[in-house]
Amino acid sequence: MILLVGGAGVIALVRPGPVDGWLSAEPTSAPTPAPTTPDPSPSPVLVAATGGGPAPTSDGVTRAIDPLVKSAALGTKVHVAVLDVASDEVLYERDADTMTTPASTTKLLTAAAVLDARGPSYRLSTRAVAGSAPGEVVLIGGGDPTLATTKNTLFPGAARLDLLAAQVKKALGATAATSLRYDTSLFSGPETAKGWDSTDISFGQVSRIQALMVNAGRVRPIHNEFGGDPRSANPADAAARAFAKLLGVPSSAVKKGKAPTAAPASADTGGWTPGQQLGVVQSPPMVQLTDWMLEQSDNTAAEALGRHVAIADGKPATFDAATDAIVARMRDLGLPADEANLYDASGLSRNNGISPAMLTELLALAASGQRPALSSIFGGLPVAGWSGTMTKRFVTPQPNQVGQGVVRAKTGTLSGVNTMAGVLTTADGRLLVFAIMASGSANAITGRAALDKVAARLVTCGC
């Protein structure tokens with residue numbers, strides 16, 4: 001796995017390959033139900049930074065990056081925070097406590113909240129149970145956005161409907177599956193968020209948020225950073241029809257419905273037991289789901305995982321409840337939750353507001369080693385010049401290349417908005433966390449390059 005070690009304030013990056021190449025392998029046997037006992041606490045993957053080289057000073061950092069922060073290429077509004085993890089000293093701030101449009105840096109809050117709520121090893125289950133009449137199968141959506149129809153490279157190691165179908169056929173024995181119902185009741189409320197653009201779904205940025213889908217609602221298992229992934233008009237229905245085909249059930253016999261309540265063990269069911277589990281498949285561990293969501297900035301995955309924060313807290317799985325639960329988790333972690341106002345969990349909503357200080361304090365807490373589950377977010381952060389949404393960043397102009405392999409960050413992009421929040425190590429070996437939130441840029445390409453330039457200057461800083 002990817003390890004970040006912050007001893008003496010230095011990050012050592014162990015490079016096994018991109019995240020999408022090391023997610024869990026295909027299962028060799030049928031998965032078993034998730035354990036009912038609490039998961040053990042994971043070992044920290046990031047220990048507390050304890051110093052390193054000379055500590056940077058606020059004056060030194062200001063001299064180094066202030067001219068870059070004031071560049072017109074960044075935009076008309078730029079909010080920044082930079083913090084030294086070892087000393088917990090704020091080295092630079094520019095409207096750092098002011099909420100601004102975060103774009104996909106919102107996903108940092110979502111990842112931290114769901115890891116805190118469920119733990120890194122938690123898995124999402126998709127089940128099939130016996131329906132109310134012999135031959136009827138009910139597919140129950142478990143809110144797993146990475147569920148696949150068959151093996152593919154989009155979500156390596158994902159739970160698969162073909163494996164679930166094999167379990168169901170074995171459980172049914174001589175009884176043929178004749179009809180299929182699909183249950184999406186785990187999620188409720190609107191399927192799109194306030195503040196989403198009317199073209200977000202049609203352009204392939206996100207799908208309707210439902211508790212049952214394959215490939216995060218995509219028609220085909222492909223991923224492009226800036227959209228272009230066609231989405232199903234009704235992801236749950238599309239997934240159910242794919243499952244029906246695997247069972248040999250005609251599309252005409254597929255309908256939405258609720259799973260029956262399991263009959264008491266003493267009931268005379270005539271050999272058919274409504275509600276009896278016929279099969280179950282499980283997602284990769286939660287840490288791998290958040291890794292994918294962060295590295296590839298998958299909006300649908302973020303929305304589904306946000307709803308699991310609400311479910312963990314006993315709330316309905318809606319946009320409003322999910323965002324309230326995420327912010328509440330930040331507050332419980334001792335972070336400035338009043339500097340986060342969310343309308344979705346992915347950052348597509350232009351109504352969202354997060355301050356740079358909120359993001360840097362979250363990253364500093366994760367880097368401190370105090371909350372091992374939060375440390376897991378660093379494994380999913382894209383690496384400059386190497387992985388995910390940062391693969392092509394820090395390339396031009398040439399001086400920005402110093403950030404390649406050193407800056408790990410979540411990027412955010414909306415029309416006129418460029419953001420980045422993450423960690424880096426300076427030339428003196430100090431671990432810094434930073435958040436740069438810029439809007440009003442006339443050119444997305446030059447705006448991103450100007451943002452990268454700020455982070456690159458911090459890397460070379462002997463401040």
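Over the face of which residue does arginine 307 lie, at 4.1 Å from the ring centre? In this predicted model, the residue in question is phenylalanine 319. The charged end of arginine 307 also sits over the ring of phenylalanine 187, at 5.6 Å from its centre. Arginine 307 has its place in helix 6 and, with a relative accessible area of 1%, falls under the 20% limit and is therefore buried. When residues up to four places away in sequence are left aside, arginine 307 touches Phe187, Pro190, Ile209, Ala317, Thr318, Phe319 and Ala322. The C-alpha atom of arginine 307 is separated by 8.2 Å from that of glycine 143, although the two residues are 164 residues apart along the chain.

The protein as a whole comprises 10 helices and 12 strands, and 57% of its 463 residues count as buried. Among contacts between residues at least 6 apart in sequence, 72% join residues at least 24 apart.

The structure holds 2 aromatic pairs. In one of them, the rings of phenylalanine 155 and tryptophan 292 have centres 4.9 Å apart and planes at 70°, so that the pair is edge-to-face. This pair links distant parts of the chain, since phenylalanine 155 belongs to the loop between strand 4 (136-140) and helix 3 (161-172), whereas tryptophan 292 belongs to helix 5, 137 residues apart. Phenylalanine 155 and tryptophan 292 are both buried. In the other pair, formed by tryptophan 196 and phenylalanine 319, the centres are 5.6 Å apart and the planes stand at 90°, so this pair too is edge-to-face. Here again distant parts of the chain are linked, with tryptophan 196 in the loop between strand 5 (179-183) and helix 4 (235-247) and phenylalanine 319 in helix 7, 123 residues apart. Tryptophan 196 is buried, its relative accessible area being 12%, and phenylalanine 319 is likewise buried, at 5%. Phenylalanine 319 thus takes part in an aromatic pair with tryptophan 196 and has arginine 307 over its face.

The largest nonpolar core contains 52 residues, of which Leu108, Leu109, Met330, Leu359, Leu362, Ile377 and Phe378 touch the most other members. Two or more residues are given to this core by each of helix 2 (106-118), helix 5 (286-296), helix 6 (299-312), helix 7 (319-332), helix 8 (356-368), strand 11 (417-425) and strand 12 (431-439). Isoleucine 377, one of the residues with the most contacts to other members, touches Ala111, Ala112, Leu115, Leu294, Leu363 and Ala366, residues up to four places away in sequence not being counted. Apart from this core lies another, of 31 residues, which includes Ala64, Met390, Val407 and Met420.

On the side of helix 2, the contact is made by Lys107, Leu108, Thr110, Ala111, Val114, Leu115 and Arg118, and on the side of helix 5 by Met286, Val287, Thr290, Met293 and Leu294.

Ala64, a member of the core of 31 residues, is also one of the buried residues of helix 1 (residues 58-69), which are Gly60, Val61, Ala64, Ile65, Asp66, Leu68 and Val69. The cover over these buried residues includes strand 1 (77-84), strand 2 (89-94) and helix 10 (444-459).

Several loops carry backbone features of note. Aspartate 88, in the loop between strand 1 and strand 2, has phi near 60°, a positive value in a residue other than glycine; with a relative accessibility of 53%, aspartate 88 counts as exposed. Alanine 216, in the loop between strand 5 and helix 4, also has a positive phi, near 55°, but alanine 216 is buried, with a relative accessible area of 0%. The peptide bond from threonine 396 to proline 397 is cis, with omega near -10°, and proline 397 lies in the loop between helix 9 (372-375) and strand 10 (408-414).

Conventions:
Residues are numbered from 1 along each chain as its sequence is written. This is a predicted model: local features need pLDDT of at least 70, side-chain atom pairs count only at pLDDT 80 or more; totals for chains, interfaces and linings use all residues. Side-chain values use heavy atoms; hydrogens and water are left out. A nonpolar core is a set of buried Ala, Val, Leu, Ile, Met, Phe, Trp, Tyr and Cys residues joined through side-chain atoms within 4.5 Å. Buried means under 20% relative accessible area, exposed over 50%, partly exposed in between (1.4 Å probe, protein chains only). Helices (H or I, at least four residues) and strands (E, at least two) are DSSP runs, numbered from the N terminus. Contact means heavy atoms within 4.5 Å. Rings of Phe, Tyr and Trp (its six-membered ring) pair if their centres lie within 6.5 Å; planes under 30 degrees apart count as stacked, over 60 as edge-to-face and the rest as tilted. A charge sits over a ring if NZ of Lys or CZ of Arg is within 6 Å of the ring centre and within 35 degrees of the ring normal.
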